[in-house]
Amino acid sequence: MSDRITIRGKRCRIALLMVAAFLTASAQAQQTKSWTLDADFDEGLMINVNHDVVSDQLQLNHESALLPYVNVAASDRGTVIRIDANTGDILGEYRTTPEGLTHNPSRTTVDRAGNVWAGNRDQPRFPMNGEGSVIKIGVVLGGTRCDRYGVPNPTGAYLKPPFLYSTAVDRDGDGLIRTSRGLGDINGWSGSSIDDAEDECILLYKNVPARNCRHISVDADNDVWVGGYSLQNLTRSTMMKLDGQTAEILQLHEGLDCGGYGGLVSANGTIFSSSLNGGGGPLLMMTPAGVPTCLSNVQAYGLAEDPDGYIWSTTYQSARLYKLDAAGNVQPGFPIDLNGTLVRGLAVTPDDGHVWIACTGTNTLERRDSDGNLVKEFALDVHTTPGRFPTGVAVDYNGRVWV
């Protein structure tokens, strides 16, 4: 997935919800029983996990199945919005910072438990040497809408078990999960602590030693790579690896000459990240151990990986498309010039390996095959408000493209 939306973009970013979980019939049972044996695991429904490789132990499947959700970072609103990809219904809206703080979430990514991560690119605004922040938002599947007493109510602020699956935390111990029910239903968060967040799907809020965090991506270990400006030198960038459960910093790389603006972790674990000056700088290629290389011949903006392990990149101002192998080598015949202008996000449909590219300047979406040939160009301005433009692209579990 790719630029400005996991997948990245200036006004809207989208992330696909990928869930790895052991689903049980009752959330209440999850709180009172431990499952340790194969026979225990067989009592529930398993998604993206198995106990076939090692008996009496759950492990993640090599490939993650998708669930029908799309998550959009609503930058100006300071929220993440979750959409049902099948119906278009908005299922919830969640703050990305406590009230009163600058926010402007930009990129999003989804971990292997289905939790959505986002970085707040307006932090810090003041103090000038302050830290940036990231947010982790959980998910609840199933349950019954109810009031605070557990009485069913379709407009209630709570969800009552049994759930199919939940990563939310019942912080007040009332046996219910308080969480948003749709667009504009944004729960309060008056204090600075995660315990002050009324929405119990908000799991972590972490200040990190980088400014204006934009890059955020998940690796195979379900840990999270975050990037932004260096606190010491705003012409340099910082990349760090966070523990996916606690947000503890596992690796910290400061003073980098490239990267930090947005990107991905490839199938072989290599981190690719565009540079902070609006995607006009070299592409960062970093090993899982944190050894960086700046690819000066690729001025990356949007990034995506195709089913064959090739990395695709757009350039913003020059409107070019690059195709790189896993080692960062530009493939023969690339870069190619695109029809559109001011090119940003892109994504790849896995069934055919086609690349879908958001062209901001021309209000178009280009579809290109695995050789970069134009398949179709879609005009988007007919259906958008004048002055708005496409910035990010994502592909849902049905193979549909979202812009």
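1. Of the 403 residues in the protein chain, 56% are buried. Keep in mind that this is a predicted model. The accessible surface of the protein chain is about 16,600 Å². Carbon and sulfur atoms hold 49% of that surface.

2. Next, the secondary structure. The protein chain has 33 strands and two helices. Contacts come next. Among those in the protein chain with a separation of 6 or more, 49% join residues 24 or more positions apart.

3. How many disulfides does a search of the whole structure find? The search finds one. Its partners are C258 and C294, with sulfur atoms 2.1 Å apart. That falls within the 2.5 Å cut-off for a disulfide.

4. Where do the two cysteines lie? C258 is in the loop between strand 19 (249-256) and strand 20 (260-265). C294 is in strand 23 (residues 292-299). The pair therefore ties together parts that are 36 residues apart in sequence.

5. Why is the disulfide called left-handed? The torsion about the S-S bond of C258 and C294 is about -95°, and so the disulfide is left-handed.

6. C294 counts as partly exposed, because its relative accessibility is 34%.

7. Two further cysteines deserve a look. C146 has 0% relative accessibility and therefore counts as buried. C201 is buried too, with a relative accessible area of 2%. Buried here means under 20% relative accessible area.

Notes:
Residues numbered from 1 in each chain as written. Predicted model: local features only at pLDDT ≥ 70, side-chain atom pairs only at ≥ 80, totals over all residues. Heavy atoms only, no water. Helix = DSSP H or I, 4+ residues; strand = E, 2+ residues; numbered from the N terminus. Buried < 20%, exposed > 50% of the residue type's maximum accessible area, 1.4 Å probe, protein only. Contact = heavy atoms within 4.5 Å. Areas by Shrake-Rupley, 256 points an atom, 1.4 Å probe, with all protein chains shown as cover.
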